[in-house]
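The following paragraphs lead through a model, beginning with the contact between its chains and then turning to the fold of one of them.

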Amino acid sequence: MSRPAAPPLTRAALALYPPSWRARYGDEVLALLGDSGGGPVAVASVAWRALPAWFSPPLPDRPTRMRASLATALMSWSMLAGLGLVFAQLTQLQGLTAPGHPELRWAYAVFDVTLAASALIAGLGGLPLWLLMLRRARREHRVRDAVYLFLPLLAPVAYLIGLAGTARLVAGPNGVSQGWFGAVTLAGFAAAATAAAGPGLALRRLQPRGPALRLAATAAGLSAAVMAVAAGGIVVAVISLNLWVRQFPGYHDGTVSGIYLALVVSAAVVTTVSAARGTRAALAQP
Amino acid sequence: MTDRLDRWADPPLLVLASLADAPKHGYAITQDVAETMGVRLSAGTLYAVIARLEARGLIEPLESDDRRRPYRITAAGAEALAQQSERMSKVASVARERLGTRLGWAGA
């Protein structure tokens, strides 16, 4: 028997809730509103309670929590890595140093080592899960999922090929203009987001479970913790540049530095919190 | 006269009390609370409370074939309800006794 469609206002009120809350209680609320007549006041009471629901959404089962945390952590990790590469391009690769302030050089070194370590941990920890999903996609002829799984390789390669082709066309004697640099940077973030979205979509569609998922979730936690140190290196370096390398344009602008640091800290917090949730689910007793 | 303290009623306690005798689904809980305790629980309040009580293991959902999923109180929920009822009884006893002195209620 098909269910009667909920009125638009009721659907709108439920749409304000977190997806896990809607999945768990949405049908029951619709039934209650249907049984009780569900006038505008009742619907308003549902909408009114949506905000607190975001602070403590119902927890799904452990594998679902691990998969969701992994997908979110992967996306925010990619954004943080992108911000870190912009930082490297505009600082280390320009040879910016501050004589008498060794902390800047230390911050560069900490960033380099921790970014590499974080990527290595994430790659090694996620490889068994990636292979598991790829084998299943091949076995079940799921071409779309296989493409999703290869996006972390395809998207950066496509970006680098595009970058190499574009650089020849737009580079002048003094390099590329600021506008082109901005466009190239935005394209890089789009490529990073595409690369991260692929495995996230495959996780949602293939719904893997078992030891490979737990290993990946645990490695994500460790990788995120190391990446948080890299973000700390960025923060120290940008503040040092802002204070002591004022002769270079851009580094004495507190607004630009502030926006950049806010993005770095936000990405680091999302990565760490998401990965920690996944790791906690992986290590929890069944 | 409208009960001016009605808005201070503790919805989690009302839901636990409603489920104390038998499992009920959402609509049955609101009906029971309205008829026996005189408090109207809105749909938003009821499901906010159900989500909290379920997360704390004080109630649990039962299997259901339709959208009206019944809930039952758990052992931890019954214990929490008993403790809170005991506290409320003491408060009610003190309140009646003191109001009796003030208003001259018989049998206070």
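The contact takes 19 residues from chain A and 14 residues from chain B, two residues being in contact if their C-beta atoms, placed from the backbone, lie within 7 Å. On the side of chain A that touches chain B, helix 2 (19-35), helix 3 (40-48) and helix 4 (50-55) of chain A each supply at least two residues, and the largest share, nine residues, comes from helix 2 of chain A. Helices (H or I, at least four residues) and strands (E, at least two) are DSSP runs, numbered from the N terminus. That side of chain A divides into 12 nonpolar residues, three polar and four charged, where Ala, Val, Leu, Ile, Met, Phe, Trp, Tyr, Cys and Pro count as nonpolar, Asp, Glu, Lys and Arg as charged, and the others, Gly among them, as polar.

This is a predicted model, in which local features need pLDDT of at least 70 and side-chain atom pairs count only at pLDDT 80 or more, while totals for chains, interfaces and linings use all residues. Residues are numbered from 1 along each chain as its sequence is written, and chains are lettered from A and ligands numbered from 1 in the order in which they are written.

Chain A has 10 helices and zero strands, and of its 286 residues 35% count as buried, that is, with 20 or more other C-beta atoms, placed from the backbone, within 10 Å of their own. In helix 5 of chain A, 21 of the 29 residues are buried, so this helix is largely enclosed by the rest of the structure.

Notes
Buried ≥ 20, exposed ≤ 12 C-beta atoms within 10 Å, placed from the backbone.
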